[in-house]
Amino acid sequence: MKKLTTAPNLAIATLWADLLCHAGVPTTVQRAYNSSLAGQVPPDQTLPELWLTDADNFERAERLLVELQHPVSRHWMCPACREMIDGPFEQCWNCGAAMP
Ligand SMILES: [Zn+2]
């Protein structure tokens, strides 16, 4: 187990952990319910943490997290149907063709 990062709240921690798990990086949320201790312990100790099951995944997990926090926004034209595609999509929503 290795600590990856601290999340600002439980919803974001759960979202990040789900996305990392789906990307093949087993991640668990620790201190999920410490927010109930707010006011009794230092504030940074009440935030949920993301922990990697396998410490070898640390660099990959950090890269994935940066991508999650800064989604790539693109603007491209589908080579098959000439539809304009906005956002982080790598496939045409109209015909399913891959981004060139
Ligand atoms: Zn298309």
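## Burial and overall form

In this predicted model, 14% of the 100 residues of the protein chain count as buried. The protein chain holds 2 helices and 5 strands, and from the N terminus on these elements follow the order β-α-β-β-α-β-β. The radius of gyration of the protein chain is 18 Å, whereas the globule rule gives 13 Å for 100 residues, so the chain is more spread out than a compact globule.

Along its principal axes, the C-alpha trace of the protein chain spans about 60 × 30 × 15 Å. Among contacts in the protein chain with a separation of 6 or more, 44% are between residues 24 or more positions apart.

## Domains

The domain assignment of the protein chain gives two entries: domain 1, covering 2-69, and domain 2, covering 72-100. The C-alpha centres of domain 1 and domain 2 are 32 Å apart.

## Helix α1

Helix α1 is formed by residues 10-22, 13 residues in all. From its first C-alpha to its last, α1 reaches 18 Å, close to the 18 Å expected at 1.5 Å a residue. Just after α1, Gly 24 has a positive phi of about 90 degrees.

Four names make up the buried set of α1: Ala 13, Trp 16, Ala 17 and Leu 20. These residues lie on the same side of α1 because they cover an arc of only 100 degrees around the axis. The exposed residues Ala 11, Asp 18 and His 22 are carried on the face of α1 turned away from its buried side.

The buried residues of α1 are covered by elements including β2 (27-30), β3 (49-52) and α2 (58-69). For Ala 13, leaving out residues up to four places away in sequence, the residues touched are Ala 7, Val 29, Pro 48 and Leu 50.

In soluble globular proteins, nonpolar side chains tend to be buried together. Here the largest nonpolar core has 11 residues: Leu 4, Ala 7, Ala 13, Trp 16, Ala 17, Leu 20, Val 25, Leu 50, Leu 52, Ala 61 and Leu 64. The elements α1, β3 and α2 are those that give two or more residues to this core. The most comes from α1, which gives 4 residues.

Ala 13 belongs to this core, and so do two of the residues that it touches, Ala 7 and Leu 50.

Technical notes
Residues numbered from 1 in each chain as written. Predicted model: local features only at pLDDT ≥ 70, side-chain atom pairs only at ≥ 80, totals over all residues. Expected span 1.5 Å × (residues − 1). Buried ≥ 20, exposed ≤ 12 C-beta atoms within 10 Å, placed from the backbone. Arc of directions from axis to C-beta. Contact = placed C-beta atoms within 7 Å. Core = buried A, V, L, I, M, F, W, Y, C linked by C-beta atoms within 7 Å. Domains from an automatic or database assignment. Rg over C-alpha atoms; globule rule 2.2 N^0.38 Å.
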